[in-house]
Amino acid sequence: MSGRRSRSRQSSGTTRMSEDQINDLVIKLQQLLPELRDSHRSDKVSAARVLQDTCNYIRNLHREVDDLSERLSELLANSDTAQAALLRSLLTQ
């Protein structure tokens, strides 16, 4: 039965990743996360934790971007025209 399933998936055009490929991607993702980056390869971190920490990290980045955007909008609204023009020109470079 499992032979039929794998053949039908392959013939339908879906690409299955091997467990090694998934593990490599999880390790690469782990290296991008500040709180997990310094973990040694011998320190086993579950894929579930890497994915959960990645979601949390992305949420925090979104909050930071929103906060910075709000602060920048306030700064531009409260600055004189010359300062606002200078800031806009710096941001568009």
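Reader: What makes up residues 58-85, helix or strand, and how far apart do the end C-alpha atoms of the span lie?

Author: In this predicted model, the span of residues 58-85 is 93% helix and 0% strand, and its end C-alpha atoms lie 31 Å apart. In UniProt, an unreviewed entry lists these residues as "coiled-coil region", an annotation that may be inferred rather than shown by experiment.

Reader: How do you know at what angle helix 4 and helix 5 pack?

Author: Two packed helices are described by the angle between their axes and the distance between the axes. For helix 4 (residues 47-78) and helix 5 (residues 81-91), the angle is about 145 degrees and the axes are 8 Å apart.

Reader: Which residues of helix 4 and helix 5 meet, and how many of them are charged?

Author: From helix 4 come Leu72, Leu75 and Leu76, and they meet Ala84, Leu87, Arg88 and Leu91 of helix 5. Six residues of this contact are nonpolar, none is polar and one is charged; since Arg counts as charged, Arg88 is the charged one.

Reader: Why are Val26, Leu33, Leu36, Val45 and Val50 called a nonpolar core?

Author: These five residues form the largest nonpolar core, and the name applies because such a set consists of buried residues joined through side-chain atoms within 4.5 Å, where buried means under 20% relative accessible area. Leaving aside residues up to four places away in sequence, Val26 touches Ala47 and Val50. Across the 93 residues of the protein, 12% count as buried.

Notes:
Residues numbered from 1 in each chain as written. Predicted model: local features only at pLDDT ≥ 70, side-chain atom pairs only at ≥ 80, totals over all residues. Heavy atoms only, no water. Helix = DSSP H or I, 4+ residues; strand = E, 2+ residues; numbered from the N terminus. Axes fitted to C-alpha atoms, helices over the stretch in contact; angles between N-to-C directions. Contact = heavy atoms within 4.5 Å. Buried < 20%, exposed > 50% of the residue type's maximum accessible area, 1.4 Å probe, protein only.
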